[in-house]
Amino acid sequence: MNCMMKYFYKVIFVNLLLCMYHFPQTDYEKWSKAEISYETTSINREREYSFKGNNAGEVVMRTFVNAYWFFISDVDGDNCPFQPSCSSFFKESVKMTNIFQGTLMFADRFTRDMNFFDRYEHYPRHISGRFYDPPELYVLDKKNISFIPPSVVVKDE
Amino acid sequence: MKIVLLLLISVPIILYPQNEITIGYFNINSPDNIKKFANFLFCEKDYLRAIFEYQKYISIVDDDTSAFKIGLAYSRLGNFQKSAEWFKTIKENSKLRSYSNQEYYASLFRNKEYYLLKKIYKDEKPNELQKLYYLTYFFTNDSLPPIIKFIQSFADNDQESIENFYELKKNPAYKNELTAILLSTIIPGAGKIYLKEYGDGIIAFIATSLFGYLAYSNFNAKHNFRGWLFSGISAFFYGGSIYGSASATQIYNARIDFNFYSRLNSYLEEKNYFVPEYDFCK
C-alpha cells in the first residue's frame, strides 16, 4: 500500500510540474515598466494659421485671430478655461454666421470669460477639464440648442 | 487517512462516469431544457442570450409566454421598435393579450411614436391606451385638452403629479427674449440679471461702464484717439451684452424644457409607463 501511495504522490507531483510548465504566468507585461508619455498635447499644433476665408469678413477675423495666436497666445500658453478657447470660438462663430454676429457672440463670450463665479454650476465640463461652451448654442437658432446639464462630462465636440 | 482520500476520489469516478446514457438523459437541446435555460438567462438579466434561446424554443413550440418575454427582453435592452414588434405577435385569444397590448403601446411611446399612438387611440379607443394617449400631449406641441378630462383617466394618487406636469407644460417658466434685450439695452447686463445670471450681468455692466467712462474722460481731456478707442471697446461690450441676453434667454428656456422632460421621464420610468410589472423570476 505504501508503495502505491508513493506512486500516487509521484503522479500528483508530475501533474503539478506539467501544469506549471504548460500554464506559466504570461502576464509579465503587467509587472514591467510602463511606457507612459507625460507630454501634454499642445493646442498650438492643432491650430490652423491660414488666412483663407469664404468672404472678406472671415479674412479680417482670421488676421486678428492669427495675430493674437502668434504674438500672444502661443507665447502665453493655453490659459482659456473654455473649450473651444475664446479665439477659436470667435473663429467658429464668424464661420457659422457673419463677421458682425460673430463679433457680438465673441463679445458675449469674452464677458462670460471674465466672470469667475458660478462656472461649475453653469457649464458642463469637457474631457480636457475645460468648461464646454460651443458657439452653436449662441447663434440664436433654437433648433441648434441642445441643453447639456453641468453634471455631464463632454467627451467629443 | 490517505486511503480514505484515495477512496473519496476514486469511488465517485467509478460510480458517476459520463457516458452516453447520462448525456441522453440530460438532453440540453430538448425544448424543455432550452426553455429552462432561456428562463434562467432572462432572470439573470442576460437578455440578448435569453432572446436567442427563446427564439430557438419558439421555432419548435408555439408559445405566447416566450414571445412575450422576448418583447420584454427587447424593451429592457432599450430596443423599443423590436419589443413593439414582438408584443404585437401575441395572439387574440392568449391570456397575455391584454398585457401585451399595454406593453405594445408603452414600447411605441418609449420609441417616441406619439402621433401613431394618437391615431390608434382615435381609431380604436382601447382602454389600455388612455393614459399614454393623454401623456403624448406632454411630448408634442398639440394644444392640451382640458385638465379635468386629462387627469380623470389616472388613479387618485397619480392625479396630483400629473396635474403639476400639466401646469408646467401649459405655463412653462420661460423668460421673454424681448424683455431681456430691452433690459440690457437700457442698463448693460440687466438682461442677464433678469435671467438670474448675476455674475455675467455685473461683469457686463462693469466692462461697458468702465470703458464708457474712460472714453468720456479721454474725450474731455482732448485725447481723441484714446477716446475713440475706449468708445469702441465699450460699444463692443455693450453689443455683446445685448446679444448675450438674447442667446442666454434661449439657453434658459432650453434648460426649463430639459428639466421638465427629465422630471417627467423619471416619473414615467418610476411608474413603468403605467404598465403593470410582471415578475417572471419569483
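Tutor: Start with charged side chains. A:Asp108, A:Arg109, A:Arg112, A:Asp133 and B:Lys192 are linked in a network of salt bridges. Keep in mind that this is a predicted model.

Student: Which residue of chain A does B:Lys192 pair with?

Tutor: B:Lys192 forms a salt bridge with A:Asp108. Their closest N and O atoms are 2.9 Å apart. The count between chain A and chain B is one salt bridge. Four residue pairs are in polar contact between chain A and chain B, both partners at pLDDT 80 or more.

Student: How do I describe the size of an interface?

Tutor: Interface size is often given as the accessible area lost when the parts come together. Here, about 2,500 Å² is buried between chain A and chain B. Carbon and sulfur atoms give 76% of that area. On the chain A side, A:Thr111, A:Leu140 and A:Phe147 lose the most area to chain B, together 25% of what that side buries.

Student: Now salt bridges elsewhere. How many are there over all chains?

Tutor: A search of the whole structure finds 15 salt bridges. Take B:Lys118 and B:Asp142, whose closest N and O atoms are 2.7 Å apart. B:Lys118 lies in helix α8 of chain B, and B:Asp142 lies in the loop between α9 (130-139) and α10 (147-151) of chain B, so the pair ties together parts 24 residues apart in sequence.

Student: Is B:Lys118 buried or exposed?

Tutor: Buried, because its relative accessibility is 3% and the cut-off for buried is under 20%.

Student: What about a salt bridge inside one helix?

Tutor: Look at B:Lys119 and B:Asp123, which meet at 3.2 Å, N to O. They are four residues apart in helix α8 of chain B, so about one helical turn separates them. B:Asp123 counts as exposed, at 54% relative accessibility.

Student: How do I read two helices that pack together?

Tutor: Check the distance and the crossing angle of their axes. Helices α7 (residues 97-110) and α8 (residues 114-124) of chain B have axes that come within 8 Å and cross at roughly 145°. Among the contact residues are B:Tyr104 and B:Leu108 of α7(B), and B:Leu117 and B:Ile120 of α8(B). The contact has eight nonpolar, no polar and one charged residues.

Student: Where does the side chain of B:Ser100 reach?

Tutor: B:Ser100 lies in helix α7 of chain B. Its side chain reaches the backbone oxygen of B:Arg97 at 2.9 Å. B:Ser100 counts as buried because its relative accessibility is 0%. Leaving aside neighbours within four places in sequence, B:Ser100 is in contact with B:Phe68, B:Phe87 and B:Ile90.

Student: What should I look for in the backbone?

Tutor: Look at the torsion angles. A cis peptide bond joins A:Gln83 and A:Pro84, with omega about -5°. A:Pro84 lies in the loop between β1 (82-83) and α5 (86-96) of chain A. Next, B:Lys45 is not a glycine, yet its phi is positive, near 65°. B:Lys45 sits in the loop between α3 (31-43) and α4 (47-58) of chain B.

Conventions. Residues numbered from 1 in each chain as written. Chains lettered and ligands numbered in written order. Predicted model: local features only at pLDDT ≥ 70, side-chain atom pairs only at ≥ 80, totals over all residues. Heavy atoms only, no water. Buried area = accessible area lost by both parts, 1.4 Å probe. Salt bridge = Lys/Arg side-chain N within 4 Å of Asp/Glu carboxyl O. Polar contact = N/O pair within 3.5 Å; in protein donor to acceptor, adjacent residues only side chain to side chain. Axes fitted to C-alpha atoms, helices over the stretch in contact; angles between N-to-C directions. Contact = heavy atoms within 4.5 Å. Nonpolar A, V, L, I, M, F, W, Y, C, P; charged D, E, K, R; others polar. Buried < 20%, exposed > 50% of the residue type's maximum accessible area, 1.4 Å probe, protein only.
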